[in-house]
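Hello,

Here is the structure I promised to hand over. Please open it first, then read my notes below.

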Amino acid sequence: MRRPESESDLSALDNVLVTRMDVLDSDSIQRSIEEGSARFGRIDALVNNAATLSPLAAVADSEPADWRRHFDVNVLGPYYLMRMATPHLRRTAGRIVNVSSGAANRSL
């Protein structure tokens, strides 16, 4: 979670670990996986839910850097997480849930 200090409901649960993670920072991902594994002894599931909205400007009027960030967070972020969590998930026959948005259906 990018801002765990702003989250209170999940943090109050005994069986949930809320950590700071940036899906584009491999150290952050590794640290979160290690914290979860240490606290619970195993990892049973990964839920990929981080996302950004596509740039609001028409493609012709938008900046490539905005689209690069959008692609990195929405495509590479889940890939990095799945790649780093897979060894743990294989040991537990764990599951991966990828959450996506219907926003891709809107017209530019």
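**What I found**

Among contacts between residues at least 6 apart in sequence, 52% join residues at least 24 apart. Keep in mind that this is a predicted model.

Start with the overall layout. The chain has two helices and two strands. From the N terminus on, the order is α-β-α-β. Of the 108 residues in the chain, 25% are buried. The chain exposes about 7700 Å². Carbon and sulfur atoms supply 52% of that area.

Next, look at the helix pair. How do the axes of helix 1 and helix 2 cross? They come within 10 Å and cross at roughly 30 degrees. Angles under 35 degrees count as roughly parallel, so helix 1 is roughly parallel to helix 2. The crossing is right-handed.

Which residues meet there? Helix 1, residues 26-40, brings Ser-26, Ile-29, Gln-30, Ile-33 and Ser-37. Helix 2, residues 64-92, brings Tyr-80, Leu-81, Met-84, Ala-85 and His-88. By class, this contact has six nonpolar, four polar and no charged residues.

Last, find Leu-56. Leu-56 sits in the loop between strand 1 (45-48) and helix 2. Is Leu-56 buried or exposed? Its relative accessibility is 73%. Exposed means over 50%, so Leu-56 counts as exposed. Now go ten residues along the chain, from Leu-56 to Asp-66. The C-alpha atoms of these two residues are separated by 9.8 Å.

Best wishes

How values were computed: Residues numbered from 1 in each chain as written. Predicted model: local features only at pLDDT ≥ 70, side-chain atom pairs only at ≥ 80, totals over all residues. Heavy atoms only, no water. Helix = DSSP H or I, 4+ residues; strand = E, 2+ residues; numbered from the N terminus. Buried < 20%, exposed > 50% of the residue type's maximum accessible area, 1.4 Å probe, protein only. Contact = heavy atoms within 4.5 Å. Areas by Shrake-Rupley, 256 points an atom, 1.4 Å probe, with all protein chains shown as cover. Axes fitted to C-alpha atoms, helices over the stretch in contact; angles between N-to-C directions. Parallel < 35°, antiparallel > 145°, perpendicular 65-115°, else oblique. Left-handed = near helix turned anticlockwise from the far one by under 90°. Nonpolar A, V, L, I, M, F, W, Y, C, P; charged D, E, K, R; others polar.
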